[in-house]
Amino acid sequence: MTTPLPRREIGRSGLHASLFSLGSWHTYDRMDFADAVELLRQATDRGVNLFDVGVYSAPGAPPVFTDVIFSAMVRAAGLRRDEWLLSSKLWLEAFGDDGFRPQLENALMRVGVEHADLVILGDLRRDDLDLRDLVLDLARLADAGLIRAWGVNNWSASSIQSLLDLAAAEGVPWPQIAQLKYSVARRSIPDGEPFARLWEQGLTLQASDCLEGGVLAGNVKGDRQIGRDPGDIRERIIADVPAFTALAESLDTTPAQLGIAFTLTHPALTTTLFGASRVAQLHANLDAADLVDRIGADELRRLVEPFWADRGVVDPEGP
């Protein structure tokens with residue numbers, strides 16, 4: 001019998017998420033629907049309860065429906081709303097006079113639910129925003145019962161500290177979690193001193209992009225969309241793949257499991273986010289937790305130290 005995944009608190013929100021969370025990105029609209037439903041059923045059977053589902057459309061790009069398909073998957077799988085947590089994305093580019101509410105209501109309508117358990121603010125690329133406006137707007141959404149907690153994606157440590165200070169001064173909910181790129185190659189920000197001070201204040205980590213878009217799992221063909229490349233280190237990461245694969249084989253595991261297992265060694269981690277399009281891939285990724293138990297967190301971190309590619313290249317303060 002498989003042991004259910006442990007759950008950890010999202011910051012100090014009182015919400016508890018599974019050790020692994022399942023991302024959507026553009027995954028479900030590429031899958032056979034029956035396969036996607038089976039994937040969801042087996043994920044929840046193993047204890048996954050947090051699902052990151054966003055409206056990933058862009059101006060001028062074709063419409064996307066992976067979040068709409070997720071809604072249908074939930075219905076087909078027969079999941080009750082209290083059996084899973086929705087993590088939705090809010091984009092700062094669309095933050096206007098009416099705040100986040102229009103885009104949140106659109107996102108909830110597409111997924112067919114009344115509230116998001118967690119919302120993650122996208123990258124901070126605007127310099128015309130007053131962070132106090134964001135904090136107060138999110139407090140109004142919480143008061144309206146539309147969200148239960150909130151966090152940020154790839155924000156700098158100083159910007160997050162500003163959010164914490166503003167929320168404390170206003171007496172409203174503060175950010176609970178930071179979604180950060182975290183992998184054997186990209187460690188400088190989550191492992192650095194600026195973020196250590198945030199972890200001490202109760203913020204927790206959602207590790208994302210833990211396999212560098214599949215590169216660390218051995219997919220180096222360049223035939224899939226991969227996220228940003230802070231520090232321009234991707235070529236170094238690709239060059240390290242043969243040695244990383246050899247290390248995984250020496251530990252009787254796969255490079256994907258080794259890469260995912262590493263993220264679990266971070267002391268502030270609540271959950272590691274990954275995508276899966278096959279049931280076998282899902283189970284293999286979830287089994288990565290066993291590797292930490294078998295090898296030990298300290299030894300695992302020591303073994304992957306040579307693959308830390310952004311050390312001395314990326315500012316630990318963050319973007």
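In this predicted model, Asp232 is found in the loop that runs between E9 and H7, and the backbone there takes up a phi near 50°, which is a positive value in a residue other than glycine. Most residues other than glycine have a negative phi. With a relative accessibility of 70%, Asp232 counts as exposed, because the cut-off for that class is over 50%.

The loop that holds Asp232 also holds Asp209, and its boundaries can be given by residue number, since strand E9 covers 204-208 and helix H7 covers 234-250. Asp209, although it is not a glycine, likewise has a positive phi, of about 50°.

The buried residues are Pro255, Ala256, Gln257, Leu258, Gly259, Ile260, Ala261, Phe262 and Thr263.

On the side of H8 the contact is made by Gln257, Leu258, Ile260 and Ala261, while H10 contributes Ala288, Leu291 and Val292. Sorted by class, the residues of this contact comprise six nonpolar and one polar, with no charged residue among them. An α-helix has 3.6 residues a turn, so residues three or four places apart point the same way.

Helix H10 also takes part in the second largest pocket, where it gives the most to the lining, with four residues. Rolling a probe the size of a water molecule over the atoms shows where empty space is left. How much space lies in the second largest pocket? The volume comes to about 220 Å³, and of the 15 residues that line this pocket, those closest to its centre are Leu5, Pro6, Ala289, Asp290 and Asp293. The lining includes five charged residues, together with eight nonpolar and two polar ones, whereas the contact of H8 with H10 has no charged residues.

Technical notes: Residues numbered from 1 in each chain as written. Predicted model: local features only at pLDDT ≥ 70, side-chain atom pairs only at ≥ 80, totals over all residues. Heavy atoms only, no water. Contact = heavy atoms within 4.5 Å. Helix = DSSP H or I, 4+ residues; strand = E, 2+ residues; numbered from the N terminus. Nonpolar A, V, L, I, M, F, W, Y, C, P; charged D, E, K, R; others polar. 1 Å grid on protein atoms, 1.4 Å probe; cavity = no way out; pocket = protein on both sides within 12 Å on 5 of 7 lines; lining within 4 Å. Points joined across faces, edges and corners; volume = space filled by probe spheres on them. Buried < 20%, exposed > 50% of the residue type's maximum accessible area, 1.4 Å probe, protein only.
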